Amino acid sequence: MKKRHFLGAALSAAALPGAASGANAGRAAGPALLTLTGALAHSNRGPFDPVLDQMMHKQKLSFDKAFGIDFGALLALPALSIRPTLEYDARPHTLRGPVLLDVVALSGTRPREDGKLLLRAVDGYAVALPVAQARAQRFIVATHLDGKPMALGGLGPLWAVYDADRFADMAARPLAERFGACPWALYHIEVAG
């Protein structure tokens, strides 16, 4: 599928009333923008398919079960707004989206506090984020930047991020060192524990 059609379909699904809800553990109404794997309570799609899951195949992922989440399901969750100073232009920007752990909970999963979330971006960048850190720093899955949906090819359409300015230890660091645990163009989360 062409990337333009993929993003268009995802944004169209978000506009449909009742397209998806956090309480619905069924299949995503639109194309999945985010795939959860690992220690999940529920799944809504089959195992890894090396033909159809090409990006995952190229990044050497594999799984027996997964939970796909579309844009509408993310928009149906309560959103949190943060305003961190971003490393790309050294200016504060408003980012909005659901809390990361609420997104994981769509699959009925409550990761252990000592567990990790392996966050992966479309370019292969990956980070192991401790669940305790995700909770303490109130990580979100940002869907909007300065009031507009984030585009594929930019920082979106999804970005796992937190408000680094609100944590003294992080705010004291140079901007380029504050967001190492924040993959933009997020498409995959593996729940480890």
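Is R178 buried or exposed? With a relative accessibility of 12%, R178 counts as buried, a label for residues under 20% relative accessible area, whereas exposed means over 50% and partly exposed lies in between (1.4 Å probe, protein chains only).

## About the model

This is a predicted model, in which local features need pLDDT of at least 70 and side-chain atom pairs count only at pLDDT 80 or more, while totals for chains, interfaces and linings use all residues. Residues are numbered from 1 along each chain as its sequence is written, and side-chain values use heavy atoms, with hydrogens and water left out.

## Around R178

Let's stay with R178, which sits in the loop between α6 (168-171) and β11. Helices (H or I, at least four residues) and strands (E, at least two) are DSSP runs, numbered from the N terminus.

The side chain of R178 makes polar contacts with backbone oxygens: that of M170 at 3.3 Å and that of A171 at 2.8 Å. A polar contact is a pair of N or O atoms within 3.5 Å; within protein, one must be able to donate a hydrogen and the other to accept it, and residues adjacent in sequence count only if both atoms are side-chain atoms. Beyond its neighbours within four places in sequence, R178 is in contact (heavy atoms within 4.5 Å) with T85, Y162, A164, D165, M170, A171 and R173.

Two strands pair if DSSP finds at least two bridges between them. Strands β5 (residues 116-121) and β11 (residues 186-192) run antiparallel to each other and share six bridges; here R120 has H188 of β11 as its bridge partner.

Y187 is also part of β11, and its relative accessibility of 7% makes it buried. Setting aside neighbours within four places in sequence, the contacts of Y187 include L33, L34, M55, M56, R120 and V122. The C-alpha atom of Y187 is 7.3 Å from that of L158, although the two residues are 29 apart along the chain.

## The four-stranded sheet

Another open sheet has four strands in the order β3-β4-β8-β9, with antiparallel pairing. At its edges are β3 (79-82) and β9 (148-149); each has a single partner strand, so one side of each lacks a neighbour in the sheet.

Within this sheet, β4 (residues 95-98) and β8 (residues 144-145) are joined by two bridges in the antiparallel sense, and L95 stands opposite L145 of β8.
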